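Colleague: Can you walk me through this model? Start wherever you like and I'll ask as we go.

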Amino acid sequence: MVVTSIAFVGLGAMGAPMADNLVKRQFRVTGFDMRESARDALAAAGGQAADSAAAAAEGADTLVLMVVSAAQARSVLFDAGALAALAPGATVILMATCPPGEVEAIADAVTETGRHFVDAPVSGGVKGAQGGTLTIMVGAPADSFARAKPVLDAMGDKVFHVGEKPGQGATVKTVNQLLCGVHIAVSAEALSLAQKAGIDGALLFEIMGGSAASSWMLRDRGPRMLEDEPPVASAVDIFVKDLGIVLDAGRAAKAALPLAAAAHQMFLAASGLGHGGRDDSHVVRAYRALNRRPDNDA
């Protein structure tokens, strides 16, 4: 099947550049976001703007959902009427980070209408979205995956078919978020210890970034912990949500996840201190409050 028209709902920090990359690949993209400025930006980039999710989806053969949660995906598909507006046999690609069980339930409701469903969460942040270098983890039957592959290839350069069932992509993304959240939190913890001992934070990250202790998150988020207001790549509250999904998955599988639980508490604390909408590197503020640093600004 040749994809000719794409409806894209969710033109946020990652969704907007993802939709732009689809336009650059010559797809006909009609987008919707609650913010008029986001719709206008897509139109300026060569796409089309719609004034509702249903209007964006009208007759489209693919719907990409880059929303925040499963609840938002349900609202767009069912309450706002986007699913019913799609062409018969269309494909729904859910790219949000959602609990695997909720993804399965949404998939069942979509496929009951005769349409395809592709579970395709992403990793790579704003930089990956802008560069078309996202990692995409897909759970879908082989034929549905094949239909979605040209669209996915326009947004990511690492597209993995991890299983035949919707929910399996979400499971892999859940594991990804466990690692990301713990890496960010432990980087903040390391910085807190070093600064307590009078070690310069910038020097610490220069040393650690080239040592066996390094990780991508340490190299990327560590330096931001030294800034007062770093640009938001992913917010503290995103990890409050995502690590909550991780812990729910652990309970369902009866798997102990003590490090994820500890990291979740630190992100919760940072959110409670008023940093929920700030960059996730602000989790360091929770450590500063906990350690009662003299320069505490939490």
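**Helix packing and a few residues**

Modeller: The crossing of α12 and α13 is left-handed. Keep in mind that this is a predicted model.

Colleague: At what angle do α12 and α13 pack, and how far apart are their axes?

Modeller: The angle is about 150 degrees, and the axes are 9 Å apart. Helix α12 covers residues 236-253 and helix α13 covers residues 258-275.

Colleague: Roughly parallel or roughly antiparallel, then?

Modeller: Roughly antiparallel, because angles over 145 degrees count as such.

Colleague: Which residues meet there?

Modeller: From α12, V236, D237, F239, V240, L243, G244, V246 and L247. From α13, they meet A260, A261, A263, H264, F267, L268, A270, S271 and H275. That contact divides into 12 nonpolar, 4 polar and 1 charged residues.

Colleague: Where does Q26 sit, and what is its phi?

Modeller: Q26 is in the loop between α1 (15-24) and β2 (28-32). Its phi is positive, about 75 degrees, although Q26 is not a glycine.

Colleague: Is that Q26 side buried or exposed?

Modeller: Q26 counts as exposed, at 70% relative accessibility.

Colleague: Changing topic: I184. Which helix is that in, and is it buried or exposed?

Modeller: I184 lies in helix α9, residues 168-196. It is buried, with a relative accessible area of 0%.

Colleague: What does I184 touch, leaving aside neighbours within four places in sequence?

Modeller: I184 is in contact with M217, R221, M225, F239, F267, D280 and V283.

Colleague: How far is I184 from R219, C-alpha to C-alpha?

Modeller: 9.9 Å, with the two residues 35 apart along the chain.

Colleague: What domains does UniProt list?

Modeller: An unreviewed UniProt entry lists residues 5-163 as "6-phosphogluconate dehydrogenase NADP-binding".

Definitions and conventions: Residues numbered from 1 in each chain as written. Predicted model: local features only at pLDDT ≥ 70, side-chain atom pairs only at ≥ 80, totals over all residues. Heavy atoms only, no water. Axes fitted to C-alpha atoms, helices over the stretch in contact; angles between N-to-C directions. Helix = DSSP H or I, 4+ residues; strand = E, 2+ residues; numbered from the N terminus. Parallel < 35°, antiparallel > 145°, perpendicular 65-115°, else oblique. Left-handed = near helix turned anticlockwise from the far one by under 90°. Contact = heavy atoms within 4.5 Å. Nonpolar A, V, L, I, M, F, W, Y, C, P; charged D, E, K, R; others polar. UniProt positions renumbered as here; feature names shortened; annotations may be inferred. Buried < 20%, exposed > 50% of the residue type's maximum accessible area, 1.4 Å probe, protein only.
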